[in-house]
Amino acid sequence: MSTPTNLRPTWDEYFIEVMDAISKRATCNRGKSGCVIAHDNRILVSGYVGSPVGLPHCDDVGHLMKKVIHDDDSITEHCMRTVHAEQNAICQAAKLGVSLDDATLYCRMTPCRTCCMMIINCGIKRVVCQRKYHAGTESEQMFADAGVKIEFIENDIQKY
């Protein structure tokens, strides 16, 4: 019996590949990430990292960096000019009147605390991340407490 050479990706693999393609539209070269939200194996909305509509993009005017102090007293710098991919996808659903109840969200890395809270409040029940984010443990705990399942395709930490 021969092995098929043209295997179809699983749904999770497919949506992660679509998320990766969408991330190429990002307008902040530090964190090129995208997001797909699907329900019943159908894409509902998508989003990518970018400035709010009508405001300048990092790729055009540079980054707006701010220092963030973490619980372990480590300090990292983050660009504050852009809206996260998950937030943009959720905003797109709101603009279009699309319910995200019981949906699955696909993203590049563990969502930040703010995205996590938005995901929980939208009724999304499952989050599939391509990789972990260095500051993702708080979000992982919040998802667990809220009954939102989080899964990782790879266990390594997203570098950017």
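**Figure 1. Arg-108 and its salt bridge to Asp-20.** Arg-108 is buried, with a relative accessible area of 8% (buried means under 20% relative accessible area, exposed over 50%, and partly exposed in between, using a 1.4 Å probe and protein chains only). The side chain of Arg-108 meets that of Asp-20 in a salt bridge, 2.9 Å from N to O; the term stands for a side-chain nitrogen of Lys or Arg within 4 Å of a carboxyl oxygen of Asp or Glu. The pair links distant parts of the chain, with Asp-20 in helix H1 and Arg-108 in strand S5 (residues 104–109), 88 residues apart. Asp-20 counts as partly exposed, at 30% relative accessibility. Helices (H or I, at least four residues) and strands (E, at least two) are DSSP runs, numbered from the N terminus. The model is predicted: local features need pLDDT of at least 70, side-chain atom pairs count only at pLDDT 80 or more, and totals for chains, interfaces and linings use all residues. Residues are numbered from 1 along each chain as its sequence is written, and side-chain values use heavy atoms, with hydrogens and water left out.

**Figure 2. A salt-bridge network with Asp-12, Arg-126, Lys-149 and Glu-151.** Side chains of opposite charge can pair when their charged atoms come close. In the salt bridge of Asp-12 with Arg-126, the closest N and O atoms are 2.5 Å apart. Asp-12 lies in helix H1 (residues 11–23) and Arg-126 in strand S6 (residues 126–131), so this pair links distant parts of the chain, 114 residues apart. Asp-12 is buried, with a relative accessible area of 19%. Lys-149 and Glu-151 form another salt bridge, with 3.3 Å between the closest N and O atoms. Lys-149 counts as exposed at 52% relative accessibility, while Glu-151 is partly exposed at 22%. Salt bridges that share partners join these four residues into one network. A search of the whole structure finds seven salt bridges.

**Figure 3. Helix H3 against helix H4.** Two packed helices are described by the angle between their axes and the distance between the axes. H3 (residues 85–96) and H4 (residues 113–122) pack at about 30°, with axes 9 Å apart. Axes are lines fitted to C-alpha atoms, for helices over the stretch in contact, and angles run from 0 to 180 degrees between N-to-C directions. H3 is therefore roughly parallel to H4 (angles under 35 degrees count as roughly parallel, over 145 as roughly antiparallel, 65 to 115 as roughly perpendicular and the rest as oblique). Contact, meaning heavy atoms within 4.5 Å, is made by Glu-86, Gln-87 and Ile-90 of H3 and Thr-114, Cys-115, Met-118, Ile-119 and Cys-122 of H4.

**Figure 4. Helix H4 against helix H5.** H4 packs against H5 (residues 137–146) at an angle of about 15°, and their axes are 9 Å apart. H4 is therefore roughly parallel to H5. In H4, Arg-113, Cys-116, Met-117, Ile-119 and Ile-120 meet Glu-138, Ser-139, Met-142, Phe-143 and Ala-146 in H5.

**Figure 5. Positive phi at Asn-41 and Asp-102.** Asn-41 is a residue other than glycine with a positive phi, near 60°. Asn-41 sits in the loop between strand S1 (34–39) and strand S2 (42–48), and counts as partly exposed at 39% relative accessibility. Asp-102, also not a glycine, has a positive phi near 65°. The place of Asp-102 is the loop between H3 and S5, and at 47% relative accessibility Asp-102 counts as partly exposed.
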